[in-house]
Amino acid sequence: MRDETKCLHSGYTPKNSEPRVLPIVQSTTYVYDSAEEVASVFDEPTKSLIYSRFANPTVMAVEAKIAELEHGAAAMCASSGQAATLLSIINICSAGDSFISTSAIYGGTINLFSVTLKRFGIECVYVNQDADEDEINAAFKPNTKLVFGETLANPALKVLDIEKFARIAHSHNVPLIVDNTFATPVLCKPILFGADIVVHSISKYMDGHAAQVGGVIIDGGSFDWTKGDFPEITGPDPSYHGLIYSETYGKAAYIIKARMQLMRDFGVYPSAHSAFLWNLRLETLAVRMERYCENALKTAEYLLGSDYVEEVCYPGLESDKNYALAQKYLKGASGVITFVIKGGKENAVRFIDSLKLASNQVHVADIRTCVLHPASSTHRQSTDSQLEAAGINPGMIRLSVGLEHIGDIIADIEAAFKSL
């Protein structure tokens, strides 16, 4: 058993003799030769596979692929992007700790940070990502454990100055966690710009077909945990007989702790079949991202010239205030556009209801064009001040441009405008 299985932190590497299509290991259980062998693996779970709540060979193949795409040391998949974000935070934050997040982030993440984590005694301090370094530095407290931001904010589409935030975080001996969902590793690799940990909602562009929910955490492997205050990584873990992750696992300490401790206890590991589907989608990700960016830029240019539109946010436009940062960090601005329609919420709703090709759904980054009104859906639980901080206007529409012919996409938008 041990001879056939890679360590959990190094991943599963297909060999030339294996099938061209990733095999589905549809099993919860792995057989051992003796009781002694089972006992030794429970003392040191990375020696071999234990149970598919921890790891599964099919999922591990996808983890290894995503880690390589992001230039990371190791990765761990989760059942959703929200689960990945949660685990990435609580892997180093406990009750009584705080962390810093940029305010322009996904509404579901705001709710997780401001409501749920608050109930467990973990405080989130929000900062404006456009603020200067002195102002951001002032938000740090003695109990601050990390900094969080999104490469491309959902839905404000602000571009994170990754190097600035990495520099600030590291000056306080804490890691920078970046949600790279909208950019994907095809358009941006945050670790190469100084980020320490990357998270994704695989459900978005990585899957791209609205077929399978999932998430992933990638450990960059470069952060020195011994320089900060991280006793759960640098101190003994009583649940594994005093094992010290930083000493035993080196560059993969963070992700191994997340797997051995949090995945063991929360059990939010994805199924083998889910990973099989993700692997198929990853094989076309680079091709799809190129088409998304191409279609979105043409659509944004059309919207920019429309009399029905008050404002267009798309970092691929030279007129966009985030254009310079997009040129620095991105190889394309993804397929998501936000724009403010004249007439406020009433016209926004009427416009959305008049679309025929684009579907109105609580999803984004699909091969099919879809549209949403953030203020009344994904950010419905946000307060007025949170909406303002996230850059969300009542008349804002989030348009996720798909892979259809650009002429059909624009014709659909034009017809919906005429209905106004």
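Colleague: How many disulfides does the structure hold?

Modeller: This is a predicted model, in which local features need pLDDT of at least 70, side-chain atom pairs count only at pLDDT 80 or more, and totals for chains, interfaces and linings use all residues. Residues are numbered from 1 along each chain as its sequence is written, and side-chain values use heavy atoms, with hydrogens and water left out. A disulfide is taken as a pair of cysteine sulfur atoms within 2.5 Å. The number of disulfides in the structure is 0.

Colleague: Which cysteine sulfur is nearest to that of C293, and how far away?

Modeller: C293 is in no disulfide. Its relative accessibility is 12%, so C293 counts as buried (under 20% relative accessible area; exposed is over 50% and partly exposed in between, with a 1.4 Å probe and protein chains only). The nearest cysteine sulfur belongs to C188, at 12 Å.

Colleague: Is C77 buried or exposed?

Modeller: The relative accessible area of C77 is 0%. C77 is therefore buried.

Colleague: What is the phi of L157?

Modeller: L157 lies in the loop between β4 and α6. At 1% relative accessibility, the residue L157 is buried. L157 is not a glycine, yet its phi is positive, at about 60°.

Colleague: Where does T184 lie?

Modeller: T184 also is a non-glycine residue with a positive phi, about 60°. Its relative accessibility is 0%, so T184 counts as buried. T184 lies in helix α7, residues 184-187.

Colleague: What volume does the largest cavity have?

Modeller: On a 1 Å grid over the protein atoms alone, a cavity is a set of points where a 1.4 Å probe fits but cannot get out. Points are joined across faces, edges and corners, and the volume is the space filled by probe spheres set on them. The structure holds 1 cavity of 30 Å³ or more. The volume of the largest cavity is about 40 Å³.

Colleague: Which residues line the largest cavity?

Modeller: Lining residues have an atom within 4 Å of a point. The lining divides into 2 nonpolar, 3 polar and 2 charged residues, where Ala, Val, Leu, Ile, Met, Phe, Trp, Tyr, Cys and Pro count as nonpolar, Asp, Glu, Lys and Arg as charged, and the others, Gly among them, as polar. The lining residues are D219, G221, S222, F223, W225, G250 and K251.

Definitions and conventions
1 Å grid on protein atoms, 1.4 Å probe; cavity = no way out; pocket = protein on both sides within 12 Å on 5 of 7 lines; lining within 4 Å. Helix = DSSP H or I, 4+ residues; strand = E, 2+ residues; numbered from the N terminus.
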